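Thanks for coming, everyone. Let's get the model up on the screen and go through a few contacts.

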Amino acid sequence: MLIASQMEPTYARRVYPCFDEPAMKATFSIRIIHDPSYVALSNMPAIDVSEVKDENGSLWTVTTFNTSLKMSTYLTAFVICDFDYVTRTERGNEIRIWARKEAVKNGYVDYALNITGPIFSFLEDILNVSYPLPKTDLVALPDFGAGGMENWGLMIFQEASLMNLPSDEFTSRKAMIALIVSHELGHQACEWFGNLVTMNWWNDLWLNEGLASYFEYLGATFVEPKLSLDKIFYAHVVQPVLREDSEIARSLSESEDKIKGSFSLMSLFDNITYSKGASITWMLSGFLTEKLFIRALTSYLKEFSFSNANQDDLWTHIQMVVDAQDEVQLPAPVKQIMDSWTCQNGFPVLTLNLTTGTIRQEQFLNKNNRKSTDSSNNTWIIPISWMRNGSSQPLTWLDKSSRMFPEMQVSESDYDWILLNVNLSGYYRVNYDHLNLKRLARLLENDPKAIPAVSRFQLIDDAFALTDFGYVPIEAALELTKYLAREDELFIWNVVLLNLIPENLESTLKNHEVYPLLKKYLLKRMLPIYHYYAGFIRQNADALEDDYFAQVYLEKLLATACWLGLQDCLDLSSELYAKWRDNPEYKIPFLIRRTVCCYGVAVGSDKEWNFAWEMYNHTNSMEEDKDILLYAMSCTKESWLLYRYLQYGLSDTLFSSNCTSVIISHVVTKDIGHRIAWEFVTENWPLLSQGYGHELLHDVLKAMGRFVKTDVQIQELQVFYNATLEEDEREAITMLLESAKLENIESRKLLIKIANWLEKNIDN
């Protein structure tokens, strides 16, 4: 048995009567009566443990905790468990990490214990505050809805966020633990991220989470110096949220009236709050300099500790610090600059004309599905870091809709180029004119390292995003891929592959005339980086343990090489898979296990398939491995095996019902699987619809809808849905099909353009 609490945002009121508002802070005296074989934990240390008998004469334990400091209701917490702990003391603060007894015994939480103290001290030093509580507990729960929760003095995590196997030296696992722990500690030790200084109300949640997300990266890099902070921050935080932010109609800081009722409260805990909040904090720290930023935060924390504040209070403190020095000059008051980023939806795209040196800004919106009259007049106050011909230039600002920068006019020379938003220091995209883009593309071919890695990543990502939204033709983005044979950074390859071969298009591409062209074009460029990593995998995969991006992105590179039919990749997969078949004790390197199993089965016959099935049913195989095998078995090229797999999926004795929809979804994405899955679903519909809840069916139908290729298939699906679904469900699914239809038309147009461009550029 296990009990744990989660109060944020509005659940304290379900546990005890209270004014459950973040601004109404109080001290809490907590006492818990529980079964004697369990231990009770809360925010504060226990000061008394006694026994009491109930009317039946059974003994209970009463644990009484010290009275808390003044704090918000959403940070109160308790856990009743039979866990064990490991402990150490850092600057008088007792840190304990609690987990299931066997996990503690096997050393699964040792890494988390080793980093918690140092991150704490790092944050205390940088912000010049001291942690006010005598102890800190971190508890790992087998099941928990979030990654972590920053209850004051009693932080709660899901096991995956706090545990790793002592034998697992891989940085990626440690990095994830370090990031989540730093994030929650950032809330603890100091920041007005919540605990010492709380937002006035939930509409300023981004201050809490955005700042914690920013310090999360500083803290993690402090304990894992091998992580290259800027690359990871850009690849995991900024780039994904830029993709999302242009589609979402809400700003970081919304008015209270807009957010009433707890439904929309929960929806505030999203990527905009966390990632956009962190990106904007990153930008702010960049143009202020970290020194001034931290100085302002420190004075802020001192003034508002144990009380509440809103974003304007922070701007005031930053303004005071800026006014007191003369190194950093800002073009406008801090509040005005920052409000333009936090109170408006979306973000800007800068368009450059290098002949005149003019830059203009507009909101980045999808031009394909907007009426031409439809435009927004939002303007931002934009810091522009830039370089010319490889040397950094002083920071400049764009504070109106357009402006001329004489220093940005370029000469006739092909070697005169300009790069804006260097290392993605600002939260916006850049649309270069044709002339500069051509010069940058040529520069990449001659000397890719002349452009910093994060900027190469961003150039390519911006180009494809601008293509998607109708700002530039696809050919412009493709020009930037010519140099890739000289690109040795996996995180850059990853963004190229995500854009050129999106997962939902894999099976479309495979049957399209663009495939052989893409194969020739990409493989030629992928071979150097492929062979570099394949060498490690053949000789010594452990040598990659410090290569964070290899652990996160190598799989995609390998899967693409195999998908493009690179013989060496298929051979590598069957070699390693065969090695495993000969000796089930052998472990396929985890980095690429999914791809190796998939292509091991694909290249093999029913023997390989049956081995995967056997290993799947092995009771002691890990959950992660089971997922991998579930996927791998859908990779077979034999129709009868796929059909048999789907039949197995129907059987209650072999699978739980949610595996069935996973199996169907895997099969439907494969080139030969789409048809087979479709026939299987239609034939077995009565059985499926009887055996499974609606949720499941919806997943299956959605998956089917996402992979339809032709209008004929769409009609087939429509007929089927009309016959089988209830009125109210038909509508949602019909909309799904409509959008699938539009996407099909769009992607066909796009693929023809890509094919034409590849024809012309395949050999040079």
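T351 sits in strand β14, residues 348-353; strands here are DSSP runs of E, at least two residues, and helices are runs of H or I, at least four, numbered from the N terminus. T351 is buried, at 14% relative accessibility. Buried means under 20% relative accessible area, exposed over 50%, partly exposed in between, with a 1.4 Å probe and protein chains only. From T351 to E362 is 11 residues in sequence and 8.3 Å in space, C-alpha to C-alpha.

A word on the source. This is a predicted model: local features need pLDDT of at least 70, side-chain atom pairs count only at pLDDT 80 or more, and totals for chains, interfaces and linings use all residues. Residues are numbered from 1 along each chain as its sequence is written, and side-chain values use heavy atoms, leaving out hydrogens and water.

Back to E362. Its salt-bridge partner is R360, with the closest N and O atoms 3.0 Å apart. The criterion is a side-chain nitrogen of Lys or Arg within 4 Å of a carboxyl oxygen of Asp or Glu. R360 is partly exposed, at 41%.

How many salt bridges does the structure hold? The count is 29. Take R243 and D461, at 3.2 Å, N to O. R243 is in helix α7 (229-245) and D461 in helix α14 (453-468), so this pair ties together parts 218 residues apart in sequence. D461 is buried, at 0%; R243 is partly exposed, at 27%. Shared partners join R243, R429, D461, D462 and D468 into one network of salt bridges.

Next, E159 and R100: 2.6 Å between the closest N and O atoms. E159 is buried at 15%, while R100 is partly exposed at 27%.
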